[in-house]
Amino acid sequence: MNQETQEPVTERTLFLSGTIAEESWFDDDVTPQLFRDELNAGSGDITVWINSPGGDCVAAAQIYNMLMDYKGNVTVKIDGIAASAASVIAMAGTKVLMSPVSMMMIHNPATIAFGDHNEMQKAIEMLESVKDSIINAYEIKTSLSRAKLSRLMEAETWMDATKAVELGFADDILQRTDAEDEEAQEPIVEAVMFSRKAMNTALLNKLEAKYRTPASEAEIPAPAETGRSVDDILERLDTISKFM
């Protein structure tokens with residue numbers, strides 16, 4: 001019921017759970033056609049619950065555009081995870097709310113390519129264009145600079161609800177509305193953001209510091225005993241980190 005006009009208000013709830021794909025082979029994926037059918041089955045304001053690891057970026061772009069073009073208010077609620085392409089869909093919400101135990105993840109788009117150097121270059125250019133289009137959605141919602149958004153994607157950034165609100169990817173955190181909870185003092189919650197790139201870099205820095213500046217010569221076996229120099233070990237660790 002609208003509190004101002006006292007007229008009944010129609011509000012629907014949709015659930016976007018699972019992998020996002022252009023086509024569903026086993027009826028366990030969310031496709032643009034399936035979502036369109038559900039979205040256009042009624043009218044009025046809608047709430048879209050998201051719990052998805054992501055999927056096809058083109059399919060996600062279609063769903064994002066459907067929600068952006070929808071005539072009613074769109075409230076997005078993330079109850080589990082909104083990762084990769086699913087995070088793009090979440091940006092279409094008029095209001096984005098996250099559960100205090102949910103996560104959001106953004107990263108660079110990826111693909112599989114085969115062929116000579118010309119084909120590889122085409123794949124690189126395609127990925128750069130896809131990344132630019134994804135940044136458009138993030139920029140509209142967060143108002144962060146494109147350079148910062150690009151860095152966050154490069155690092156494969158995981159955000160808890162508090163950090164997502166802090167950066168503008170979400171508007172608020174879902175809370176109980178009981179009178180008792182409203183009167184209770186809100187706890188102070190620290191934001192958490194995880195970057196895979198930052199973790200790898202920190203690990204390599206620690207290893208380099210340990211093996212280049214040992215407390216005593218006894219801590220590191222002599223090259224003659226191991227058959228490898230310290231530089232060889234660091235080079236091997238650096239190569240491994242590139243595939244993590």
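How many bridges join strand 7 to strand 8, and in which sense do the two run? The views below take this up along with the neighbouring topics. This is a predicted model, in which local features need pLDDT of at least 70, side-chain atom pairs count only at pLDDT 80 or more, and totals for chains, interfaces and linings use all residues. Residues are numbered from 1 along each chain as its sequence is written, and side-chain values use heavy atoms, leaving out hydrogens and water.

**View 1. Strand 7 and its partners.** Strand 7 (residues 103-106) and strand 8 (residues 157-160) run antiparallel, joined by 4 bridges. With strand 5 (residues 74-83), strand 7 pairs in the parallel sense over 3 bridges. Strands here are DSSP runs of E, at least two residues long, and helices are runs of H or I, at least four, numbered from the N terminus; two strands pair if DSSP finds at least two bridges between them.

**View 2. A close look at methionine 103.** Methionine 103 in strand 7 is the bridge partner of isoleucine 81. Methionine 103 also stands opposite aspartate 160 in strand 8.

**View 3. Helix 4 meets helix 5.** Residues of helix 4, among them Ile135 and Tyr138, meet residues of helix 5, including Leu149 and Met153; contact means heavy atoms within 4.5 Å.

**View 4. Serine 143 in its loop.** Serine 143 sits in the loop between helix 4 and helix 5. Its phi is near 65 degrees, a positive value in a residue other than glycine. Serine 143 is exposed, with a relative accessible area of 63% (exposed means over 50%, buried under 20%, partly exposed in between, with a 1.4 Å probe and protein chains only).
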